[in-house]
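Welcome! Please take a look at the sequence and the fold below, and then read on for a short tour of charged pairs and a nonpolar patch.

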Amino acid sequence: DLASPPPSVPASFVLSYQVQPSLLVEQSFNSEGVAEPSAVRYDLNYTSLESSGSTSLDWTLGLYEQMLSLSGSLIFSGNYRTRFQQSFANELAWRELVHSDNRYSQMLIRNPLNLRLSPFYQDPRFRSTSLAYSLNWTLFRYALLENVGSPWVYGDPVYRAIPPAWDQNTVSQHQLQAILGWQPPGGKTNTMTLTAQLPPFQTTVTAKAEMYLWLLKTTIQGIFKSEEAGEYWPLAMQDPLVIQEALEIAEDVRLSEELQLDVHDGLVMASVSSLNLWGFSSSFTAQRLPAGGLEPANFSASYRLAETERYFWRNRARLQTAANASWTINLRNVVENNFSFSLNTKFFLYKFLEFSFTSVSYNNRTYRYFPGLAESQNVPYENPLATLTDLLRSFNIFNPDDRKASAFKLKSLQFDLVHHLHDWDLTIRYEGKPAWVTDAQTLRTRYEWSESFSVLLQWIPIPEMRSTVRVDQNGFYIRG
């Protein structure tokens, strides 16, 4: 005999709680006038003590298994930060730091609430049909008093208790959503969705329909808004009305065309054509001119190489590489363009060592590789086949002339070395990127290489227990 299904549970109730404390101590050292390692001195500017945490009481009430679900939380959270001045001499900057600490220190009590009704959860054809309501409301807040009538006074901050109110400062979410779903035998789920953002926000209703016919997917979306915040009615339809038709041959093979319509004049405002082909994706956008007709506006393309992995030494060592390239250009103003290339390499030695290298380069002069575009900007044309050579020149750290001549510039560079020490992880990190700085004497701006070096020691059983030493152009820091 076949086993009978377990009887349905008419009601269930789950109650849980979470406590998440955090404590951070940071010491800032005086690095003014330090130009070489021998000039380093360990004079403390200040020590900051920062504590934060949250406690939540979470509950979920379920009726008739998945038919009705009501869940909520009572969340208490708080932040506190103070500083102890030691050798920090800039009094104006010190007051700004103290003011930021007073702003950071506060207490909150929030009450998120979620209700979900799934009347046809037992029917596989209409299982995705549901009605949901969500509200996230701040019931109480204790924070720094900052207004025109009560200005902030150094050394004497004034805090106040803010009672619950029905406005956008205390309500972060108020939403109602209805979904009508139908799944034919052997087919995909067709849905019609109405999502309403309710007061105290401006009432906004988003209507969306998704329908499947074999390999074709049709999507229609429209937005309706009230005239002012806090009003439910009347609602007016907003532009644009979006209609999209997609041909989904496989998971990684997709062709789509999107039209954005002006519902009042019945005109096509924009057209977006997209292609996804395994790791390659592209998009072409045409926008309507004031005089009429569509004009090419933007083009983008990207290619994502699949991650490759190689194993060595009886699978104890692993080498992983990945590369990504993307290009965007404004066809109305070709000077607005960007070609980005990122490279990521990781090496793992089982339970002993991890090494990673990540770099991001960019080129915002790609119009030089197209004869017509280069001529329009009065610059010499360059062969597109030289792009790879140009990219390699940007990495030539032994020849500054190559790096300056290359159209590719290094956006960021990062090295990570992690040494596993049983219950501890020791991480050594180097980060570098160009920064646009202004000389205080000549007022001339230039690029400088901004770099930082940090050492992190972290306890694996409790990752929150860690200590960090960081050195950059702004100073020397110890955090723990």
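Please keep in mind that the model is predicted.

**Salt bridges**

A search of the whole structure turns up 11 salt bridges.

| Salt bridge | Closest N and O atoms |
|---|---|
| Glutamate 50 – arginine 81 | 3.5 Å |
| Aspartate 101 – arginine 83 | 2.8 Å |
| Arginine 318 – glutamate 309 | 3.3 Å |

Glutamate 50 sits in strand β2 (residues 44–63) and arginine 81 in strand β3 (residues 68–85), so this pair ties together parts that are 31 residues apart in sequence. Arginine 81 counts as buried because its relative accessibility is 18%, and the cut-off for buried is under 20%.

Aspartate 101 belongs to helix α1 (residues 91–104) and arginine 83 to strand β3, a link between distant parts of the chain, 18 residues apart. Both aspartate 101 and arginine 83 are buried. A network of salt bridges joins Glu50, Arg81, Arg83 and Asp101.

How exposed are arginine 318 and glutamate 309? Arginine 318 is partly exposed, with a relative accessible area of 21%, and glutamate 309 is partly exposed as well, at 41% relative accessibility.

**The nonpolar patch**

Strand β1 (residues 11–29) supplies the largest share of the patch, 4 residues. Phenylalanine 13 is found in strand β1, and phenylalanine 13 is exposed, with a relative accessible area of 52%.

Definitions and conventions: Residues are numbered from 1 along each chain as its sequence is written. This is a predicted model: local features need pLDDT of at least 70, side-chain atom pairs count only at pLDDT 80 or more; totals for chains, interfaces and linings use all residues. Side-chain values use heavy atoms; hydrogens and water are left out. Helices (H or I, at least four residues) and strands (E, at least two) are DSSP runs, numbered from the N terminus. Buried means under 20% relative accessible area, exposed over 50%, partly exposed in between (1.4 Å probe, protein chains only). A salt bridge is a side-chain nitrogen of Lys or Arg within 4 Å of a carboxyl oxygen of Asp or Glu.
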